[in-house]
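The sequence and structure come first.

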Amino acid sequence: MICPLAHFEEVYKTDHGAVYQCSRQNCYWLDFAGGTTAFKVSDFFNFKKKVDAVDISAMIIDSSRTADFTIIMPFRTPRCFVLDINAVLNLRELLAGAKFMIELNSVVNECLNVTPDRAFRPQTTNH
Amino acid sequence: MKDLLRLKTSLNEEIEKILNEQIKVEAHSSSIYLAMSSWCDDQGYDFSADFFAKQSEEERTHMLKLFNYVNDRGGRAISPEIVNIPADFESFRGVFEQMLEQEMYVTQQFNNIADKCMKVKDFVTFQFIQWFLEEQIEEEYVARRILEMFDVIGEEGTGRWEIDKHIPKVSYEG
């Protein structure tokens, strides 16, 4: 369950899960396979790299039973992801979409020259 | 929506990746020069052994400069894994030829970083690597000058001893 104090906004959603952003705690929540996990910004991108690095071809070719699943245990989370090939592909799709939206948000912010309310913004005077 | 990504890091993902690759290149250079120092020492080229030991230290300093920059800008610098460092070299001249090749490769890598910085408009990193680009002029000059000594002095007789003695005197005045 996502923290009730969290102020979260949807980043990206698929049929298999969703990624939310909590702007109060500056973290991302991953809702996937019946569980939710909070990630710090850098941890989230590291987790994506780990999921992207899973060798799907090797999982398919290897006929041993242990090759049907891969285990990813991200640091600083209580969760252990046990993923079959379908789950890896679904998670990849979700994380890739989320990453795109996060980067798009950065670009949009940059284009709009949005500054946070609390940041210093020089006053302009009209003569 | 609040921009968490930029709050965490000012480095573009591609720039962070290419800088981490360069950290590895610098660490690799440092290890190769240390191996060359050891080989020169073993062969009795004392001055060259000192020269390469200093070069190795310098490359490590370069690596740390890049390393700290990545971390300071909010990125994650990765401590590189260094493998395939040779323990033996073909000849005294060959060692310096390899040094020049290594420096030319490093220059090429920094040119690629500069190109990437321009493409993504990261002028802060572009400014940062100017120091390295200038440094490369000296590195290549020194390696070329030393190689030229092999032709000027010649390797016959006490030639290699003479060359070794002159190695510390090669410097770039800029």
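## Helices α2 and α3 of chain B

α2(B) and α3(B) are roughly antiparallel to each other, because their axes cross at roughly 165° and angles over 145 degrees count as roughly antiparallel. The model is a predicted one. The two axes, of α2(B) and α3(B), come within 8 Å, and the crossing of this pair is left-handed.

Sorted by class, the contact of α2(B) with α3(B) has 15 nonpolar residues, eight polar ones and six charged ones.

## Chain B as a whole

Chain B holds six helices and zero strands. Read from the N terminus, its elements follow the order α-α-α-α-α-α. The C-alpha trace of chain B spans about 75 × 30 × 20 Å along its principal axes.

## Helices α3 and α4 of chain B

Helix α3 of chain B covers residues 46-72, and helix α4 of chain B covers residues 92-120. Their axes come within 13 Å and cross at roughly 15°. That angle makes α3(B) roughly parallel to α4(B), since angles under 35 degrees count as roughly parallel. The crossing of α3(B) and α4(B) is left-handed.

On the α3(B) side, the contact is made by B:S48, B:F51, B:F52, B:Q55, B:E59 and B:L66. The α4(B) side supplies B:F92, B:V95, B:F96, B:M99, B:E103 and B:F110. By class, the contact of α3(B) with α4(B) consists of eight nonpolar, two polar and two charged residues.

## Helices α3 and α5 of chain B

α3(B) also packs with helix α5 of chain B, residues 123-153, at an angle of about 170° and with the axes 12 Å apart. α3(B) and α5(B) are therefore roughly antiparallel to each other.

From α3(B), the residues in this contact are B:F51, B:Q55, B:E58, B:E59, B:H62, B:K65, B:L66 and B:Y69. Their counterparts from α5(B) are B:V124, B:T125, B:F128, B:W131, B:F132, B:E135, B:E139, B:V142 and B:I146. The contact of α3(B) with α5(B) divides into nine nonpolar, three polar and five charged residues. B:F51, B:Q55, B:E59 and B:L66 of α3(B) take part in the contact with α4(B) and also in the contact with α5(B).

## The largest pocket

The largest pocket has a volume of about 800 Å³. It is lined by 27 residues, and the closest to its centre are B:R6, B:T9, B:L11, B:N12 and B:E13.

Elements of chain A and chain B contribute to this lining: α1 (41-52) and α3 (85-112) of chain A, and α1 (4-8) and α2 (13-43) of chain B, each give two or more residues. The largest share, six residues, comes from α3(A). By class, the lining of the largest pocket has eight nonpolar, eight polar and 11 charged residues.

Terms used: Residues numbered from 1 in each chain as written. Chains lettered and ligands numbered in written order. Predicted model: local features only at pLDDT ≥ 70, side-chain atom pairs only at ≥ 80, totals over all residues. Heavy atoms only, no water. Axes fitted to C-alpha atoms, helices over the stretch in contact; angles between N-to-C directions. Helix = DSSP H or I, 4+ residues; strand = E, 2+ residues; numbered from the N terminus. Parallel < 35°, antiparallel > 145°, perpendicular 65-115°, else oblique. Left-handed = near helix turned anticlockwise from the far one by under 90°. Contact = heavy atoms within 4.5 Å. Nonpolar A, V, L, I, M, F, W, Y, C, P; charged D, E, K, R; others polar. 1 Å grid on protein atoms, 1.4 Å probe; cavity = no way out; pocket = protein on both sides within 12 Å on 5 of 7 lines; lining within 4 Å. Points joined across faces, edges and corners; volume = space filled by probe spheres on them.
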